[in-house]
Amino acid sequence: MGEMTLEQVTENYYDVLKELGNIGAGNAMTALAQMLQCKVDMKVPQVRLLDFASVGEMMGGEEQIMLGVFLGVEGDITGSMMFMVEEESARHLIRKITMGMLPEGSEFEEMGLSAMKEVGNIITGAYLNSLSMMTNLKIFPTPPALTIDMAGAILSVPAIQFGIFGDKILLIQSQFYDDVELDGYFILIPDLESYARILTALGLPVV
Amino acid sequence: MSEIIKVGMADLKTCVSPNGVTTLGLGSCVGIAIRDPVTKIGGLAHVMLPDSTAIRNGNLTVAKFADTGIVELVLQMEKLGAKRSRMVAKIAGGATMFSFEGKSTAMGQVGQRNVEATKAKLKELRIPILAEDTGANYGRTVIFYPETGEFHIRAVGKSESVI
């Protein structure tokens, strides 16, 4: 698949990517529910190929404050992965995990952040795990890094990776809710070669 | 009434005083503000990557790269009547958004490489850099006013600064 662009990959294999996103996000939510020991429901994830400019807008504006967890992916495929949630949703998750030890409206404490890192670890790990199971490829996450900042600034990191081979970004939006509704975003950023490897592993013809 | 023109990621815009230009949430990308103080023509580019020549399959979004983006911005300003010999620049951004414990990956250095490429290109074009707010590990929103040359910078949890 020498010179295939991300646009072509997505056009031709949209359903497959959507399904991968769906299953991955589903597994991630199951892992989250187990961690929170409560029921977490989710809507069918939306898989979208967006212009750089539209991604920030979709998340409520480039200045929307969000929490981002970013990690590298190694093994049979290479690249990176990101999970983003709105600051308020992140607070909600942290309150649940720390059993309310983070008071409403308070700053993220060291403990809250490390708890959130763990959530990010579990969510992205479950996501990658399901991808690994489906494709039978070895996929290892590297330890995650975390930041709280403007959506645009966080997105610059995956956007730059996508920018190397195109002008669009592939985003999986999954809405999940326990007692409140949360919007989480997954961005899987494989190298183009890794896309080919994923598709081949699924038995799809890669031209 | 003055207007603030928005510049997206991998995008550039020119403006004439009293209007201004802004870009929101710069991360590892670099915002390059250029101004001709006589005509008060200005512009802002939001570049993502250092070098267009390192890209394999001929990518044509000029504003995406520091090298081609700056040249294009200067050309567009010249078309409006700005003089290159008078142009001055201010830059911001190029942060490292995620620190990977102990590891310095190629990913982590892209912000820094963007800043270096930006400086090299401006030097080549003989446009002096009057001020910069680059590096560190946080995002920045910038607003540039060609009337005064003021470059306003906002970051989460910090008070607004003007360079």
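This is a predicted model: local features need pLDDT of at least 70, side-chain atom pairs count only at pLDDT 80 or more; totals for chains, interfaces and linings use all residues.
Residues are numbered from 1 along each chain as its sequence is written, and chains are lettered from A, with ligands numbered from 1, in the order in which they are written.

Back to B:R126: it sits in the loop between α2 (110-124) and β7 (129-134) of chain B. (Helices, H or I with at least four residues, and strands, E with at least two, are DSSP runs numbered from the N terminus.) B:R126 is not a glycine, yet its phi is positive, about 60°. Most residues other than glycine have a negative phi, and most peptide bonds are trans.

B:K40 also has a positive phi, near 60°, and you'll find B:K40 in the loop between β4 (30-36) and β5 (41-47) of chain B. With 18 C-beta neighbours inside 10 Å, B:K40 is partly exposed. For a cis peptide bond, look between B:S17 and B:P18, where omega is about 10°; B:P18 belongs to the loop between β2 (11-16) and β3 (20-26) of chain B.

Now for the sheet. In chain B, five strands make an open, mixed sheet in the order β2-β5-β4-β6-β7 (two strands pair if DSSP finds at least two bridges between them). At its edges are β2 and β7 of chain B, each pairing on one side only. From one strand to the next, the twist averages 10°. β2(B) and β5(B) run antiparallel and are joined by six bridges, with B:T14 opposite B:G43 in β5(B).

Two helices lie across these strands. α2(B) lies across β4, β5, β6 (88-93) and β7 of chain B, at about 20° to β4(B). (Axes are lines fitted to C-alpha atoms, for helices over the stretch in contact, and angles run from 0 to 180 degrees between N-to-C directions.)

Finally, the interface: 26 residues of chain A are in contact with 27 residues of chain B (contact means C-beta atoms, placed from the backbone, within 7 Å). On the side of chain A that touches chain B, α5(A) gives the most, with nine residues.

How values were computed
A residue is buried if 20 or more other C-beta atoms lie within 10 Å of its own, exposed if 12 or fewer, and partly exposed in between; C-beta atoms are placed from the backbone.
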